[in-house]
Amino acid sequence: MRDTAISVEQLTKVYRINRRAAGIDRITDAVVDMLKNPLRRPTYDEFRAIQDVTFDIPWGEAVGIVGRNGAGKSTLLKLLTRITAPTEGLIDLGGRVGSLLEVGTGFHPELTGRENIYLNGALLGMTRKEIRRRFDEIVDFSGVEKFLETPVKRYSSGMYVRLAFSVAAHLETEILAIDEVLAVGDAEFQARSLAKMRSAAAEGRTVLYVSHQLHTVTALCSSAMYLDKGRLSHYGTVDGALEAYRESLASFRVEQRDASRREGTGEIRFDSVQVTQQQQSPTDDTVVVMRLPAAPHVPGSYFVSCHVEDHNGATIAQCDSRAVGEWFDPEQAHEVELTVRGLWLKPGTYSIKASVCQNGILDSWEAADVFDVLPQYPYPVQTSDEAFKAGLVLTDFSYERS
Amino acid sequence: MGRMIVTPPKGLSLPRWSEVWEAREVLWRFGLRDVVLRYRQTVVGVAWVIIQPLMSAGVFTIIFGNVADLPSGGMPYFLFTFAGMLGWNLFGGVVERSAPSLVANQSLVAKVFFPRMLVPMSSAFSVLIDFVVALGLMVVLLVVFGVNPGWAILTLPIWVMLAVLLGLGIGLAASTLLVRYRDVGYVLPWLLQLLFFATPVAYSLEAVPEQLEWLFTINPLSWLMESYRWALLGLDAPPLWQMLGVAGAAIVVMSAGLLVYQRFEREFADVI
């Protein structure tokens, strides 16, 4: 008998995509297909979402799971929370796993706040006794006591999210799995939620936290895993995982150059995205040149959006062409130049994520190009680095005495 | 609580009953949700439960009792069909409501883990409540028509349970198939309707021509209907083998439903 919170041995999850049966979602079609080709064995395309992953998580750890898009973070969490079954390997859980993959799962708009607390609590694995015992705490934490008998469809979205998170935050399971729910709610509520998760770990419970935002992992977790294409390439300190994440940038860029591996429907894909100045000083404008092919078969016009991301994957700025009224006609090829003005970036490495969108995403090219901001500080006085450490960006500021 | 070992799914396996038992609160909350929604949202909610079997029984009385002039074992035709509808609605209602339940709750299935069979199972709650309401009406009708069913009424809970089990077995299998093949949702109501007319609900076995009788003798649902009328109206009891047969069929159908469900359960989140 082990005494770990979670032990995983050679865990593999393969998604099989039936090539021939692709699109067969009617039983009549399935029967017809079987009658037509009674002897043919189905052929599958295999997609290995998780490959041969082994680890032990001791009690009381808050483990961050980081990785780039499609690395298998969410799949791993789904396996550990038993939402989906493994293809190979073994998961050994030391206690109940409470999951919070999306806030408000199981909330029904017509039910009142009180009814939803009980329903949601039960779904998340609480017994009636547990819910009853924590009921007042849940209501207090959410701050919706006045509206307990109101159907949640009349709640503001903030109230809804707060109530949903409160139920989940009061789960008494030994292991708690969370997928980026902290992105919701106002700042105060986020702070309270962070505190709640810290205290959960302090009580000796184990917290699993999946995130794209590396800075929240730093703030919250005592150890971290870095997943790369379904493999566990680092498990240990948070800094080590972040290091692995940064180091993977080069290989990730090569991969993203292959348009078929990028997200989006692919109806229009960038030919190229380039930052004109690979090295710049903090106050320089950043100029990005994008080339887009003509795609006459695509109806309607489209817009583009460029994100400036720092080396931890946090988005520093979003430059959406909709905001400046620019839409593009797919009939013609376009060469578009984006100039980002008035953004004082801190010294370091940045990447551009460029997307083509209509109603959905047509192309999303992560780390399409990178550039360095040189270690110069645009201030009149040279001082210690301490003066610039906090903050995501630099800014033009002055102090005046009155 | 001991450690929980998760391994890849193997061919056929039984559900982990201890886990289902531990999650019983989910069953209760889902059932409660369905009942609350049904009766809170619609003003006609309660009325509908009474009106539906009353109207159906009325129409069948006119068609089969008056137009076709079929026999009804000496019972008022209306009472005769109403008793049948009561039993049929229990079975059909469970099938009808449990079958789409997994797809209707797909966001849950894809996002949280709990024994998913509780979703189709919980739909039996609201059907049972409907049954109780209709049963109250049945009692009134018995008094009005002055019919005394006798001690056989004591066996009613058995038939209620068996009807629910039969319905759940089919409902479980159908809800599982529906996850993969959405058109099952179109085929099922049609099959249910065929089954309704192939089963002596709105007419009695007496009216069946002799050369076709075997068709009804092999239909477990007609055994069930006969048992219902025996219990509710005090009509002739079906042969003992048929009564035991209903129980046997319920167990077989329920087990088959569970097997189908269990075979696909762990793929739900990947398919939905």
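Is F80(B) buried or exposed? The model shown above is predicted, so local features need pLDDT of at least 70 and side-chain atom pairs count only at pLDDT 80 or more, while totals for chains, interfaces and linings use all residues. Residues are numbered from 1 along each chain as its sequence is written, and chains are lettered from A and ligands numbered from 1 in the order in which they are written.

F80(B) is buried, because 29 other C-beta atoms lie within 10 Å. The term buried means 20 or more such atoms within 10 Å of the residue's own C-beta atom, exposed means 12 or fewer, and partly exposed is in between, with C-beta atoms placed from the backbone. F80(B) belongs to helix α4 (residues 77-98) of chain B. Helices (H or I, at least four residues) and strands (E, at least two) are DSSP runs, numbered from the N terminus. Leaving out residues up to four places away in sequence, F80(B) touches S72(B), G73(B), M75(B), S204(B) and L233(B). Here two residues are in contact if their C-beta atoms, placed from the backbone, lie within 7 Å. F80(B) and L235(B) are 155 residues apart along the chain, and 9.6 Å separates their C-alpha atoms.

Next comes the contact between the chains. Chain A gives 39 residues to this contact and chain B gives 29 residues. On the side of chain A that touches chain B, α1 (27-36), β4 (88-93) and α3 (113-123) each supply at least two residues. That side of chain A has 17 nonpolar, 11 polar and 11 charged residues. Ala, Val, Leu, Ile, Met, Phe, Trp, Tyr, Cys and Pro count as nonpolar, Asp, Glu, Lys and Arg as charged, and the others, Gly among them, as polar.

β4(A) also runs antiparallel to strand β1 (residues 4-6) of chain B, joined by 3 bridges. Two strands pair if DSSP finds at least two bridges between them. I91(A) has V6(B) as its bridge partner in β1(B).

α3(A) also meets a helix of chain A. Its axis comes within 11 Å of that of helix α4 (residues 128-142) of chain A, and the two cross at roughly 125°. Axes are lines fitted to C-alpha atoms, for helices over the stretch in contact, and angles run from 0 to 180 degrees between N-to-C directions. α3(A) and α4(A) are therefore oblique to each other; angles under 35 degrees count as roughly parallel, over 145 as roughly antiparallel, 65 to 115 as roughly perpendicular and the rest as oblique. I117(A), Y118(A) and G121(A) of α3(A) make the contact with I131(A), F135(A) and I138(A) of α4(A).
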